[in-house]
Structure formats: C-alpha cells, structure tokens
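Hello,

Here is the structure you are taking over. My notes on it follow below.

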Amino acid sequence: FYFWDATQCSLPRIRYGESEGTKPFDLVHVRDVIQHMTLDQGVRYFCNVFESGAKVLITTTYNEEGNNIQISEGYWYKNNLSEEPFSFPKNVT
C-alpha cells in the first residue's frame, strides 16, 4: 500500500503489461471520508476522481439540507453532496 493524497494528486492508473499502457480504475469507492475534509479538499478530491476517467463512483452522503459547513481537517460534518459546493445531481441511482 502507498499513501496517496487524492486532494493534491491525480488518481493512480492501472498498468497492463509493458507495452499496453495504463487505464483508469473502473470504480472509486470512498466511504465516510469526505465529511472529515474541508470543503475545498472535498471539491478537489472529487475533481480528481472525475478527471481520472473512472466509470463509477460510490460514496456516502447525508440528505439533510444545510449540512455543508467549513470544518478544520479531521473534524466531522454531515456532508450533503447534492448541495453546494459539490452540487451532485439528486436521486442518482
């Protein structure tokens, strides 16, 4: 395992053999992590996930309004990904 700060770096890619190059992961799964990041870190993280080319993202959210508050890194809030600054579409299944 390697330490990887996905708020600062692009997500790694999968290497297939010596001559086949690399490709993105099919799935990114992040559970109970975003709510411990500052809002800016959370936005940077998701931008890196979307730019990685991954096909599927599985993550946690709380559907209560008004939860996205600025915290110090490592503290906790109930993140609502359908609200600013994340603005994910609602009711995605």
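Backbone, aromatic rings and surface

D32 sits in the loop that runs between β3 (27–30) and α1 (39–52). The model is a predicted one, so please read everything below as computed from predicted coordinates.

Start with the backbone. Most residues other than glycine have a negative phi, and most peptide bonds are trans.

Next, the aromatic rings. How many aromatic pairs does a search of the whole structure find? There are 6. In one of them, the ring centres of F46 and F86 are 5.8 Å apart and the planes stand at 85°; an angle over 60 degrees counts as edge-to-face, so this pair is edge-to-face. F46 is in helix α1 and F86 in the segment after β4, so the pair links distant parts of the chain, 40 residues apart. F46 is buried, because its relative accessibility is 2% and the limit for buried is under 20%. F86 is buried too, at a relative accessible area of 10%.

The rings of F50 and F88 also pair, with centres 5.8 Å apart, but here the planes are at 50°, so the pair is tilted. F50 belongs to helix α1 and F88 to the segment after β4, so this pair ties together parts that are 38 residues apart in sequence. F88 has a relative accessible area of 19% and is therefore buried.

Last, the surface. Which residues make a nonpolar surface patch of about 240 Å²? They are L27, V56 and I58. I58 is located in strand β4, which spans residues 56–59. With 41% relative accessibility, I58 counts as partly exposed.

Regards

How values were computed
Residues numbered from 1 in each chain as written. Predicted model: local features only at pLDDT ≥ 70, side-chain atom pairs only at ≥ 80, totals over all residues. Heavy atoms only, no water. Patch = residues over 30% accessible without salt bridge, like charges linked within 9 Å, V, L, I, M, F, W, Y side chains within 5 Å. Areas by Shrake-Rupley, 256 points an atom, 1.4 Å probe, with all protein chains shown as cover. Salt bridge = Lys/Arg side-chain N within 4 Å of Asp/Glu carboxyl O. Helix = DSSP H or I, 4+ residues; strand = E, 2+ residues; numbered from the N terminus. Buried < 20%, exposed > 50% of the residue type's maximum accessible area, 1.4 Å probe, protein only. Phe/Tyr/Trp six-rings, centres within 6.5 Å; stacked < 30°, edge-to-face > 60°.
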